[in-house]
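Student: I have a structure to read and a lot of terms to sort out. Can we go through them together?
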Amino acid sequence: MAEDSVDVLIIGAGASGAAVAYGLAETRMHIVCLEQGDWMKQSEYPTNFMDWEARAAGPFGNSPNHRGRTTDYPINEDGSPIKVANFNGVGGGTILYAGHFPRFHPSDFRVKTLDGVADDWPIDYDTLAPFYDESDRITGVSGLEGDPAYPPKPSLMPPLPLGRSGTLMANGFNAKGWHWWPSDSAIATEPYEGRDQCINLGACTTGCAQGAKASTDITFWPHAMRAGVELRTRCRVREVTVDDDGMASGAIYYDENGNEQTIKASVVIMACNGVGTPRILLNSTSSRFPNGLSNSSGLVGKNLMFHPYAHIFGVFPDEVDGPRGPHDCIWSQEFYETDTDRGFVRGFTFEGARGHAPVSIAVNGMLSGDVPWGAGHHEVYRQRANHICGMVAICEDLPEAHNTVTLDPHLKDPDGIPAPKLTYTLSDNSTRMLEFSIDRAREVLEAAGATSVQSGYPIVGGGWHLMGTARMGTDPDQSVVNEWGRSHDVKNLFIVDGSVFVTSAGVNPTRTIQALALYVADTMKQRLANLFD
Amino acid sequence: MNDTISSDSNVTESDLVALRAVAGTIIPASEQYQIPGADDEAIFRTIVSLVREQGDGTLKTQLAELQSRCQERHGCSLQKLSPTDRTSELKDSSNARFLYRMIHLTANAYYQDGRVLASIDLKEEPPFPGGHEVPQGDWSLLDPVRKREPFYTKV
Ligand SMILES: Cc1cc2nc3c(=O)[nH]c(=O)nc-3n(C[C@H](O)[C@H](O)[C@H](O)COP(=O)(O)OP(=O)(O)OC[C@H]3O[C@@H](n4cnc5c(N)ncnc54)[C@H](O)[C@@H]3O)c2cc1C
């Protein structure tokens, strides 16, 4: 058999893998992406079926440990109060993401300078701005220009409807005199580049049967593949290999039949997310790199950041959207920037939530005792169904070295590759921020007319955002990759996923992940002649 | 009901009668709202298929334990108890895990039934392809925010 040898090997076909593939496609190099999961079919997404909530809790669930697809890998998360939510397949987490699509703020890249915590990024907002624009164009972002919480940014489609829930919450924020704005969303509100517009199916986090939500399998990937990038599914990478010069030489992976395969590559790009990437790097040991690849700083797998979330929901006498309409609605960044009088540094975004679906209201209500089972069930249930809405607070998580991804000594995936193990504690700063956010959200919901409010933190299954475990920086002792994503130790190894984040900001990360991947691709293209110098 | 339980299933006909009684106890029919209970034939059939999909071993064991406690305390099976006694038996903390599972199964089956969904103003069909109407809302609500000066930190 001819040797399988390519110019560029991308590992992982999620948000960042898709964007970097698209970004490099015009070079006409031989680019191959290996992805452990499958292509998804819109006709199989849960909202095609009456039992969509059951399916959403089963094969389309957030947790790889419960979903139980053979394309998943298990994660030991016993040591973390927040559990991972992901999806393994073409599109990665964007298959299930809600599509909240905020940009970082300029201050997010300068937290050390501004607040004396964590580190500054080696790049700034202006560096990423053109790549945000490019990513937005491929993604198709809806929203409204003029948000005073942000520098000016374009909006390509009108915002999602306020709906009944957004109207109630907007009134609450207005009563407090606080900021709110329609959310930037990766959901098309008009037909966009062959995608249909949103029809308010209301279950975005189970996969969009309408194709209105910009998961990267239907945005970046078709462009990249038309330009010649090859995407191989059911290929699970075990390790990145190195040659005698300490350069990455390719990867060893298992194909769909579980057979071990080798692929050679001149450049290797990791795009497996903030848990998957450190896992594979730590598993890529050799005599030259006994502690894992690109790990001379010892920082691979360290500084794991989630966004701790609080949830705050109110019961309203008026009817709300409930399960009708996308999750994305309005947001508030009144408390985004640091104000030390609040008792914590950095801040958070409130993201409005239109409501809950019928099964989840019944299950959560009956299990918590809020909705009785037996006599009296129907009466109370009817006061809840289509009458609950509220918000979540997505809090900036600061990097701490003791929050880690390591290799589990016992747990393995179906191909025998060691599983990742998480160790994470919620910091005091996060706890204070979460509690503050709950108090403020309660004020908003009460001002909006809520008759009762329920809240809690953290959202246990809310490890949606995986960041920081191979951070970027200019100092090889303090970072894993340089300011354009190239490994300090291995000059033909790049990382483009959320692992490279220096800090997490108080917003969802995917718009920034995609912009970063495009920026890395662009820098590679600019430097093709001396890429490894 | 036999056709909805796989042939290698552990669940017997008498187990099904008991599970059906439990489902109807958790979500009873309502004359006021003109809706069936979760012991309705079609809804219970969904419960049974969920049990089959998820595996019935643990449920079977939990039910057997509950039944033997019923025999000890009341001298009859769960399904023969009055609704009030059945309710208090289910509320006994020793049945917590069984109740937890049955609440999940019952709610999942009940709130995907078209008749039930229609009674709470939701469509009697899957969300796709029909979708939902969501009112645009009044964007003039945004006027006070539009008047604000930019307040992000400039660096
Ligand atoms: C339910 C849910 C809701 C979310 N909501 C939002 C939101 O509203 N807004 C937002 O910004 N973000 C959201 N996210 C997060 C978002 O999905 C991620 O930020 C984004 O997908 C991360 O991109 P990535 O490229 O870093 O990794 P991923 O998208 O996770 O892609 C990694 C890919 O690598 C593959 N891979 C991993 N290991 C291997 C291996 N060894 N071999 C081969 N392939 C491998 C995986 O199968 C996967 O497809 C949400 C996520 C979930 C699960």
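Tutor: Start with one term. Buried means under 20% relative accessible area. Keep in mind that this is a predicted model.

Student: Which residues of helix α9 (residues 358–368) of chain A are buried?
Tutor: In α9(A), they are A:Pro358, A:Val359, A:Ile361, A:Ala362, A:Val363, A:Gly365 and A:Met366.

Student: What covers the buried residues of α9(A)?
Tutor: The cover comes from two chains. Chain A gives α2 (52–57) and α10 (377–384), among others. Chain B gives elements including α1, α5 and α6 (114–119). Just after α9(A) comes A:Gly369, with a positive phi of about 90 degrees.

Student: Why does A:Gly207 count as buried?
Tutor: Its relative accessibility is 2%. The cut-off is under 20%. So A:Gly207 counts as buried.

Student: Where is A:Gly207, and what does A:Gly207 touch?
Tutor: A:Gly207 sits in the loop between β4 (181–182) and α7 (220–226) of chain A. Not counting residues up to four places away in sequence, A:Gly207 touches A:Tyr45, A:Ile95, A:Leu96 and A:Lys213. A:Pro191 is 16 residues apart from A:Gly207 along the chain, and their C-alpha atoms are separated by 18 Å.

Student: Why does A:Leu299 count as buried?
Tutor: Use the cut-off again: under 20%. A:Leu299 has 12% relative accessibility, so A:Leu299 counts as buried. A:Leu299 lies in the loop between α8 (273–283) and β9 of chain A.

Student: What is A:Leu299 in contact with?
Tutor: Leave aside neighbours within four places in sequence. A:Leu299 is then in contact with A:Thr469, A:Arg471, A:Asp477, A:Gln478, A:Ser479 and A:Val480. Look at A:Ala470 too. A:Leu299 and A:Ala470 are 171 residues apart along the chain, yet their C-alpha atoms are separated by 6.4 Å.

Student: Why is α5(B) called largely enclosed by the rest of the structure?
Tutor: Count the buried residues. In α5(B), 11 of the 15 residues are buried, so the helix is largely enclosed by the rest of the structure. Among them are B:Phe98, B:Leu99, B:Met102 and B:Tyr110.

Student: What span does helix α11 (residues 428–447) of chain A have?
Tutor: α11(A) has 20 residues and reaches 29 Å, close to the 28 Å expected. Its buried residues include A:Met433, A:Leu434, A:Phe436 and A:Val444. The buried residues pack against α6 (163–176), β9 (309–315), β11 (348–353), β12 (388–395) and β15 (452–456) of chain A. A:Gly449 follows α11(A), and its phi is positive, near 105 degrees.

Student: What makes α1(B) roughly perpendicular to α4(B)?
Tutor: The axes come within 10 Å and cross at roughly 90 degrees. Angles of 65 to 115 degrees count as roughly perpendicular. That makes α1(B) roughly perpendicular to α4(B). The contact joins B:Ala21, B:Val22 and B:Thr25 of α1(B) to B:Arg86, B:Thr87 and B:Leu90 of α4(B). By class, these residues are 3 nonpolar, 2 polar and 1 charged.

Student: Which residues make the contact of α3(B) with α4(B)?
Tutor: From α3(B), B:Leu66, B:Arg69, B:Cys70, B:Arg73 and B:His74. From α4(B), B:Asp85, B:Glu89 and B:Leu90. They divide into 3 nonpolar, 1 polar and 4 charged.

How values were computed: Residues numbered from 1 in each chain as written. Chains lettered and ligands numbered in written order. Predicted model: local features only at pLDDT ≥ 70, side-chain atom pairs only at ≥ 80, totals over all residues. Heavy atoms only, no water. Helix = DSSP H or I, 4+ residues; strand = E, 2+ residues; numbered from the N terminus. Expected span 1.5 Å × (residues − 1). Buried < 20%, exposed > 50% of the residue type's maximum accessible area, 1.4 Å probe, protein only. Contact = heavy atoms within 4.5 Å. Nonpolar A, V, L, I, M, F, W, Y, C, P; charged D, E, K, R; others polar. Axes fitted to C-alpha atoms, helices over the stretch in contact; angles between N-to-C directions. Parallel < 35°, antiparallel > 145°, perpendicular 65-115°, else oblique.
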